[in-house]
Every structure is written in structure tokens, then in C-alpha cells.
Amino acid sequence: MNSFSFFNNTRILFGEGQIAALREQVPAGARVLIVYGGGSIKKNGIFEQVTAALEGFDWLEFGGIEANPHFETCIEAVSLARRENIDFVLAVGGGSVIDASKFIAAAAMHEGDPWEIIATFGAAVKGALPVGCVLTLAATGSEMNPTSVITRRSTQDKLFFNSDHVRPLFSILDPRSTCSLPPRQVANGVVDSMVHVLEQYVTYPVNAKVQDRFAEGLLSTIIEEGPKALAEPDNVAVRANLMWSATMALNGLLATGVPGDWASHLIGQELTALYGLDHAQTLAIMLPAIWTYKLAQKQDKLVQYGQRVWHIEETEPQLIAELAIERTRHFFESMGVATRLSAYGLDETIIAQVIAKLEEHQFVQLGEHGDIAPQDTAKILRLAL
Ligand code: NZQ
Ligand code: ZN
């Protein structure tokens, strides 16, 4: 196995009723900015729980963070945070709200053009206000990682940055908070967390047995519980298992010592920025197409995945790999997430535009071997039509 170090310092408070523990987590005397999205937290009781837990604290609110959060909106929150001498950012929402909060926290301390934070993939971040999270949607893993994905509307750039300065100090994971999610977001969360595992698992073997079996455990859990979350929306035990899987899928543990692919995510970001598809929709389209294109290189891990996760009993390796791709596609479709560009009204005319954006962002050596060049991406997009 490759040599590695693993470090994560987000405190996790997991379980029903944990929002009340917010009081002990926020530093005493902090002036808090509560950041949230389009208003779901004001309808499902989460806002009341948060503000009750913050009784005695000085707090302000900033709502209106969009799905795929906009740089332009975050900048308004940065002005507010500076004007009001905010010293703690509390994200209450899903990945978009958490990512926006991370950016706001870093930009509030950044001198110069805040876009530098993103343009340098986080290298320009020298400090940030502390961030805490109350998670309401299990999907991205942002609650326990140093990543933030921000969209600049004016230029249609959706890009990520990483910085340990924005890794949340704590995250509260109350699975009941996710019971109010609409089915589309439940399905998105299942697909996104599953693809996070798969991007770190379906690469090539490096004899990382712990990581492999951990990945297989998460995948089996997500596949078992995902459909139940749609069928039994109030089943908190199901939500709890999905929530924990999503957090574990992208907190750095699975990535430790193994190669990562991430081509689905990087091509998918362009699809969201250009055409407005949900993050998980882009992954459901790209993953099966990339696997089909790279079947020979990924065959060993696809076979392992097919046998251990889908219990495929065929014996011919290529057939097992093909069936593993088909099962995955079928699972996404069964969750209600379509896996073809055409299902979202997109056709081959998009290909040149997507390639141009990938080149502009210098994402021209994708995949675990860095061998997916723009001409390969064009062929992959054709497979995804
Ligand atoms: O805005 P509100 O009103 O809160 O509604 C949201 C939003 O419309 C709603 N929602 C969230 N919790 C709810 C709820 N509705 C009812 N009840 C609840 N409990 O769900 C909608 C989608 O929310 P969003 O936060 O956008 O979803 P998600 O958590 O899937 O986040 C997606 C964003 O995260 C990025 C994606 O690119 C995308 O921008 N990612 C972040 C990553 C990271 N930081 O590590 C990694 C991921 O790969 C991903 O790229
Ligand atoms: Zn993702």
C-alpha cells in the first residue's frame, strides 16, 4: 500500500436530539452568523431548534444560499460578516450551505480578491473564521472535510477549493433532520454518497484490504437503505445509516492510501455550471459512461465490486464488469435519477462546450491514471447521450 497520513479534527455529534448540544459547541461569547439556504429550515423546525440552542448568544442570520452556491451571494454574506464583526459561522443546511459557509469564513479573513481562494484551489487561504455545521441533507460529506464547491454565475465556473482552515470545528448530524427532504434530494444524496465511495474504489488494486472492505460495507449499506428512505420517509434508523455512510464516504478515510478517480465529479461540475443539472444527476450520467470507456483498465476492481457488492455469479471477468456497470446504472434509475444526457434534454451539441470549459479549467488529465484527455471526454460524453 502507498504510505500515507490521515488526519481529521471535526468533532461529530451524531443522533436524534443532538442539535440542543450546539450550545456547548459554539465558543462562549462568539458572535454567530447562521447561514442557510432557501428556507427549508424555517418550515421543518430546524431553525427553531438551532435558535433555542443558541439562546444567550449574539447571532445574525443570512439566508438565500442557492443549491450549487453562488460566489456572488456568498460575497454579500462576507460583507455582512465583516460589518457585524462575526466571529463564528454556523452552517445550517446541506452541502451547498456548508460549502458557502466555508467560503464565507475564508473570504472574511482574506485580503484582496476573494476569487483568488478558488482560483488557487485554496492555496491562498491563510486563515478563516471557525465554521460549525448542523447538517440537514446526507450527501456530500462536506460536514467533515476541507472542501468547498462554489459557482460563479457570471462566468459559469463551478470550482472547488480545499483548506484545512475551513474544515468544520464540529458537525451535528441528527438523522431526523433529513426526514423532511423531498424524494429528489433523498435520491441525490444516495447517488452522490455512493459515487464518492466508487470514485475511490473502482480504480485499480493496491492491496488496500481495509479501504476496499470499508468501501464495500458503505456501498452495501447505501444500496440497502437508499430505496427504504424513499419508501419509508419517516424511518429515522434508515436515515441514520445513510447519514453516517455519506459522512464516512468523503471525510478522507476511504481515500487514504488508495488512488482516486474523480473524473465523474470534474466533468459533472461543468454540466451543472453550464446546464443547471443537480450534482448527483451529473454523476449518475458520467460514472457509467466513464466505466464503460475505461472498462479494461478498471476491470479488476469492477469484478471485485460486482462480486462482493452485487453478488454477481458469472465467471467471465469482462461480463462481470459489464454487469456491475449495468447494476449500478439500474440502481441509480431505480432511485429516480436518470443516467443519460438525453433524459435531461441534452444532446451532442453540448460536447464542444463542456470540453472548452474543462480545457479552460485545465482539467485535461482526468482519472486515476491522468489519461482522460479532452478527446477521451468527448467520446465519454457520446457514450452518455
Ligand atoms: O435551500 P433549502 O431551502 O435548505 O433547500 C435545500 C435545497 O433546495 C433542500 N434541503 C436541504 N435539507 C433539507 C432540504 N429540504 C427539506 N428538508 C431538509 N432537511 O435540498 C436542496 C439541495 O440542497 P443542497 O445543499 O444543494 O444539496 P447537497 O447536500 O446535495 O449539496 C450539493 C452541493 O455540494 C457540492 C455539490 O457540488 C453541490 O454544489 N459538493 C460538495 C462536496 C464537498 N464539499 O465535499 C463534495 C460533493 O461531491 C459535491 O461536489
Ligand atoms: Zn459529489
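Reader: Is Trp-262 buried, partly exposed or exposed?

Author: Buried means under 20% relative accessible area, exposed over 50%, and partly exposed in between (1.4 Å probe, protein chains only). At 26% relative accessibility, Trp-262 counts as partly exposed. Bear in mind that this is a predicted model, where local features need pLDDT of at least 70, side-chain atom pairs count only at pLDDT 80 or more, and totals for chains, interfaces and linings use all residues. Residues are numbered from 1 along each chain as its sequence is written, chains are lettered from A and ligands numbered from 1 in the order in which they are written, and side-chain values use heavy atoms, with hydrogens and water left out.

Reader: Where is Trp-262 placed?

Author: Helices (H or I, at least four residues) and strands (E, at least two) are DSSP runs, numbered from the N terminus. Trp-262 sits in the loop between helix H9 (236-249) and helix H10 (263-275), and its phi is near 70°, a positive value in a residue other than glycine.

Reader: Which residues coordinate the zinc ion (ligand 2)?

Author: Donors are N, O and S atoms within 2.8 Å of the metal (3.2 Å for Na, K and Ca); water is not among the atoms, so sites may look incomplete. Here Asp-192 (OD), His-196 (NE2), His-265 (NE2) and His-279 (NE2) coordinate the zinc ion (ligand 2), at 2.0 to 2.1 Å. His-196 belongs to helix H7 (residues 183-199) and His-265 to helix H10, so the pair ties together parts that are 69 residues apart in sequence.

Reader: Are His-196 and His-265 buried or exposed?

Author: His-196 is buried, at 3% relative accessibility, and His-265 is buried too, at 10%.
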